[in-house]
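Please examine the structure shown below before reading the questions.

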Amino acid sequence: MKLINKTIKYIGLSYLAFGMFSCDQGLDLIPPGEVSELIYWQQEKDANLAVNGIYTELDGQTMVKELDGATDIGFRAPSGPGSLHDVSMGSFDPVNGAIGSQWDRYYRGIQRANNVLANIDRIEQGDQELLARYKAEARFLRAFFYTQLSSLWGDVPLILVPLEITDQIGRTAKSEVVDFVIAELDQIIQGNQLPMSYSQEVGRATLGAAMALKARVAIRNERYTIARDASMAVMDLGIYELYPDYGKLFNYAGQNSSEVIFDRQYAVGGDTYNAFSYAAASIGGGSVVEPVHNLFLKYGYKGPQNPNDPFENIDPRWNFTTYYTGQPIGTSNFNSLPDSPTADRVRSSEFSTVNGYNLKKWVDFEADGANPNTGAINMILIRYADVLLMYAESKIELNEIDDSVYDAINMVRERPTVEMPPIASGKSQEELRAIIRDERAVEFAFEGLRLFDMNRWKIGEDKIGTVEGLYYLNTTSGEWETITSGLTRTFRPDRDYLWPIPQAEIDINDNITQNPNY
Amino acid sequence: MKKRLLSGYLSIKILIFLMAIQLFYPNIHKGHAHALYEEVPTSIKSSERNTPTLNLMADVTVTGTVTDQNGEPIPGATISLPGTTIGTATDLDGKYSLTVPETAELVFSFIGFESQRIKIGDRSIINVSLLESTSSLDEVVVVGFGTQKRANVTGAVSTVSGEDLARRPVTNTASALQGTTPGLSIQNNGGAPGAESTSIRIRGVGTLNNSNPLILVDGVEQSLSTVEPNNIASITVLKDAASSAIYGSRAANGVILVTTKRGEDGAVKITYNNFVGWQNPNFFPEPTDPVTWMRLENEAQANVGANPTYSETYIENVAAGTNPLQYPFADYEGGIFNRNALQQRHSVSLSSGGKSGRIFASVNYSDTDGILQNFNNKQVTMRINSDMYATDKLTIKTNLMYRNRGFSGPGFTGQRITQALLHINRNIVMEYPDGTYDLVSGQWNARAMAQEGETSNISDDVFGQLGFAYTINEALSLEGNVTLNTESTDGFVFQNSLAGMRNYLTGDLVNVGGWFATSKLSESQMNQRELSQRLYLNYDQTFDKHSIQGTVGYEEIYNRYKQISASRDNFYSNDLRDINAGDIQNQTTSGYSQEWRLRSFFGRANYSFDDKYMFQANVRYDGSSRFGEGKRWGVFPSFSAGWRISEEDFLKDEDLFSNLRLRGSWGQLGNQRIGLYRYLNTYNLNNGYQFNNNLVPGTAITRAGNPDITWETTTMSNVGLDMGFMDDRIEVIAEYFYKYTDDILIELPIPRTIGYNAPVQNAAAVSNKGWELAINYHGTPAPDNGFQYSVGLNFSDVVNKIEDLKGTGPFFPDKFTVWTEGESINSLRGLKSPGIYKSQADLDKYPATIFPTVTIGDVIYEDLNGDGVISQSLYPAGDQYIMGNEDPRYEFGVRFSASYKGFDFSMFWQGVLRQQHSLDGALMEGPNYTNFIPLTMAREAYHPERNPNGTWPMVRSGNSANLMESDFWLQNTSYLRLKNFQLGYTIPQNLVANLRVYISGENMLTFTETELFDPETPRGRSQFFPHSKLFSGGINVRF
């Protein structure tokens, strides 16, 4: 009996000892929902997932719809400090959060691309062709981010490998960044490293996108020969054409059409946004940005102008871009006049416009009206009309004015739903320069291109002055007048062509310098 | 999975094994295992019961009953003959019998009562009524893994009795603790009923991370706000390293030990407590009147050259109240607040004890309406704590607690509704007579948000603890338990679609956008399961004047958390609120899970000599799964000593001090409260994209891992002085401490160009030094129910400083604060402002403006670095300076209680002498963004003609230049508050043992400089569930 007792006792004690002193057992707990880097980069799938992760950092609504609010053709509604409203008004500084968040996003995207490029060769098994394409996609996306960064901030840190957290990288001259982008895109184009199109995963980077991006970065940096050749190359591919319906191009119907060269994709169930937050209050919108009188003035007429109705015969793109009083909206008519009985009445609430015009582009009322919370229209980043106009512009700047210049401009003007009279030949370089600039303003309004165009044309001062909105017949005075809230914009040419390097970066990164006069 | 099961299985095995030990040693000396669980220090365990009595003289047998002031029997009181070992203890009915020499003098004593010496004379029956002792030195204090006599405690430890807590008519224990203890700082951040947010700090903020103290309820970590005040026997606050080192790596922010009630020996006692009260919003900013409001909005437009928003006709009609449907001005406060919101609590408890064990059982029910309409929380808690005396050496102890919490509200949070109230224009009809609402530009009709939809959070929490105490021999005892603590919550948020909303200008039905466009249901399930086990061996022996105690033990905690959520929208109707009734097109699912484990070994040794000199040492060895291999184990030692000077011969005859004791301690503690898995670089799988409407998965490293991270270490020294005067009726306790936390884990910002979120690094050091003072006065005991009173005062201060950031910084964790060496962690930065521009002279004097548009009527910012530009980085690079900090300084609490005959009265004041708050958002934006206009703004907004002496900037629509973080908007939020008063009357009657009725008020009076918000408001945009005050009445009955 005693023996049994003793035996049980010692077994028990050893159990106890085992339970208590196997020290590290059970302390190695890894996250159940994430993949440790120790086992990543072994399968082809890893490359696919990591490349997909880069696309999520592409420009979205803010850079496409909202950015034009900071230019002469639009206005960004007031909100708390640090928004694009302050950029719009010219009252911004290096702590501006809207600017800082774009900087952060581009460098997040670059880190993801660099991470793919630094590790993808570790994958030993898998479809080598596919892996090569993933690499080219990552490099294309990185080139896209650097195009935007160098355009907005000038000299920026050119980072091509994953960094350690202690690294503090200084700025590289803008011209070198541009050289790098062009060289990268050349390599992709010359090596045919991206396909012309995708049958399933439409939205991935294509060869045409690489060419078009090359044209864009070149023209933004006044390298007109490169821009001309690159846009020519896109045209020569023969796979892109203008989508016949200008209005529907920015609705669900126009998604993935043959005019779209590259876009930021959305889908119900995946990334979505509030479809109307930038749109009119009466359809549940928040009027975050609005077109202004300056934009209206840029539209031409397709027939005789009516002194009693400045909207008669106006370029139809105006009607596709803007809601103004009298236009149908939702199930009723838009009316933003000060005596309007609708929610669109100017400055009647935080959600109505400040100056009277609402944005119509990107609004697909039929599709999203019932549930605007899950808007998913893709944000077009590069489209064929841009390529045509880049071609024309670079030829104009190179003074190689020939029929192809007029053809390119007129193709855009003569789109079936636009049908503006063609530009007659025989114009001087100066005249054509003015024409192409206005053409770009009206064709691409609220597509996130205006700020870049203004900066490269150095016409930032065009936005100075009182912001004016809706053009309407004042029944008391009998005159056509604009609605204005009286807000006045400033622009400092010695400063505002470049955004400030975010203060948060300056505070930590000892090797970085600020742009002039911030 | 197997591994996880194993640890639970293992611990059960260990328990069975330990229970079996008792079979192997059946015949050791008889002890009283259960005595360990009574609040009786082991040093006076009366095992003398079995000692044979001595026959020196003619013996008499004395019998009698020992009772307290109220005539209740005191079981376990000792009766002894001084100078001998003769003695006994009273039984469960307070009765005793002792044979002693007839000339003897007997000493009757019991913990918490004043001892009495009584000459036997010729009596054979001596009934004694003991008076409760006023001296806290005899009090028994719960400390880590055991109890100690207050007189022997050498660390900085404060206690709060359960009785004091239960008296406060609050449903949140944390609120009841506010101001009770020096060094314990509690801030009530407001919150929905059942979800009140309180921040608890012990001796300041010791880390840049989570600074919450470790809160242990019966030894297991739980939230303080979920323990019923009625079930608490005592709360101990361990403030210095010496007292909390036994909790090692979790104790750096201090420890709060909550002990729940256990059964009392004696017949069944039933108590019933209740209160019913009415709550009202406290300190919600007062809006200006509608006419001033509309005029100020017009002025904001006029000041930027724009047309007025409201016509004179409109203003006149609103003022006259004519046709409110045509000229509406929404009273959101009236539309969403719930005046006189009902709150009630009922609790029944039962206590009983006998030869085979004892039991405490209670049921608590509380029902609280929110001060916002349609919010409610109901909570039921059931608890059974039992002790079963299996043998005279083994006590089996089971604690079972079940809690059900049911929170309900409309489809939007109180924070969102308050946000709507503060941000939305008021020229709308909140609700039409037919029940429809105006659509305010989409979604933000506060009334509709408060009325429509449904939120419910139903939680089921189960706490089960199976433990034992086993007396091995007179000196050694073994204790342990296995505890399962689970919390699970069902979350449900249904947002209605409101098809019938109206255009607020025409009253016509409109197309609804935003939140009310589609119905949406989000459901979630959260599950937390914590399995823990602890086992410790106690040693306790006294040799002559030497007393030695020791403890060694082991503890392991395994925690698993899981969450899953799903949503669908576009429901068949607002009434079908099952997830299957929704549209599958936009359905989403997501989930998350995590686990952590902590394994620890600990020990403590106490030595005291002659009750004069005391020493203590603690050590804990902790291993945590939060760190990588090689970095996960840490050792945390502490030492302390005490000298009871008043026991020394040279002071013994001194009349001044009834007690004088000097204490000192030093120790180290750890902190590991960072997110999990932060030592690993991981690919986050949640970075999917979509191509051509098909979703594809995606990955990215979103945050850099750091394999080198390890424990934060807090080193703390403490000096304390305890003084007692007039038989300890006056008590003074003073403490001074210095706390230095090194290797603080912080997310040192990294350049954004790196493209990751910052990793945590052991990279900072912070110090806190401070002092505490508590003074208590107890009036002379009045056994005849005459006038009796007591006063308590506590006062404390902490100074916080960042000592080291490894030469880096300053860092800006958010837009208000700054971390820089030599300043407090909670430092506020901002521009320096001498006021507003009122003249051209001002413009000439301060030519640098933040924006070119700045002019007369705007806030002046000083160009500190003189570079001609106002830039928002810290001086000297820019013009921001450290304008203050958010640390509360000089916190105090004053308690006064008195009784006379059947009446009792108490009041409790609490306050902070220096505190600052930086304003943000709606309250300063006002009409510039068609926001809420506080009375203060209407009164103070500058206008050259209308209000040339105004101190707030001129209103300008869309202006942001005046909203910068600056000392202009710094508010003084020091305050003095009557937290609670109570007036009770005990009704003389013979039906039940005790019957008391009372009325009480919480937060009824506040003195503070700011009129914009409650001084306890958390910093930010003032969007939160508002604070409340409560007036209530209740009864206490004991059968």
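Predicted model: local features only at pLDDT ≥ 70, side-chain atom pairs only at ≥ 80, totals over all residues.

Q: How is helix α6 of chain A oriented relative to helix α8 of chain A: roughly parallel or roughly antiparallel?
A: Helix α6 (residues 128–153) and helix α8 (residues 207–220) of chain A pack with their axes 11 Å apart, at an angle of about 20°. Angles under 35 degrees count as roughly parallel. Therefore α6(A) relative to α8(A) is roughly parallel.

Q: How is helix α7 of chain A oriented relative to helix α8 of chain A: roughly parallel or roughly antiparallel?
A: The axes of helix α7 (residues 174–190) of chain A and α8(A) cross at roughly 155° and come within 9 Å. An angle over 145 degrees counts as roughly antiparallel. Therefore α7(A) relative to α8(A) is roughly antiparallel.

Q: Which strand of chain B gives the largest share of the nonpolar patch?
A: The nonpolar surface patch covers about 770 Å², and its members include B:Trp278, B:Leu342, B:Phe903 and B:Ile999. Of these, B:Ile999 has its place in strand β49 of chain B. The largest share, four residues, comes from the strand spanning residues 994–1008, which is β49.

Q: Is B:Ile999 buried, partly exposed or exposed?
A: B:Ile999 is one of the residues that make the nonpolar surface patch. Its relative accessible area is 38%. Buried means under 20% and exposed means over 50%, with the remaining class in between. Therefore B:Ile999 is partly exposed.

Q: What is the handedness of the crossing of α7(A) and α8(A)?
A: These two helices of chain A have axes that come within 9 Å. The crossing of α7(A) and α8(A) is left-handed.

Definitions and conventions. Residues numbered from 1 in each chain as written. Chains lettered and ligands numbered in written order. Heavy atoms only, no water. Patch = residues over 30% accessible without salt bridge, like charges linked within 9 Å, V, L, I, M, F, W, Y side chains within 5 Å. Areas by Shrake-Rupley, 256 points an atom, 1.4 Å probe, with all protein chains shown as cover. Salt bridge = Lys/Arg side-chain N within 4 Å of Asp/Glu carboxyl O. Buried < 20%, exposed > 50% of the residue type's maximum accessible area, 1.4 Å probe, protein only. Axes fitted to C-alpha atoms, helices over the stretch in contact; angles between N-to-C directions. Parallel < 35°, antiparallel > 145°, perpendicular 65-115°, else oblique. Left-handed = near helix turned anticlockwise from the far one by under 90°.
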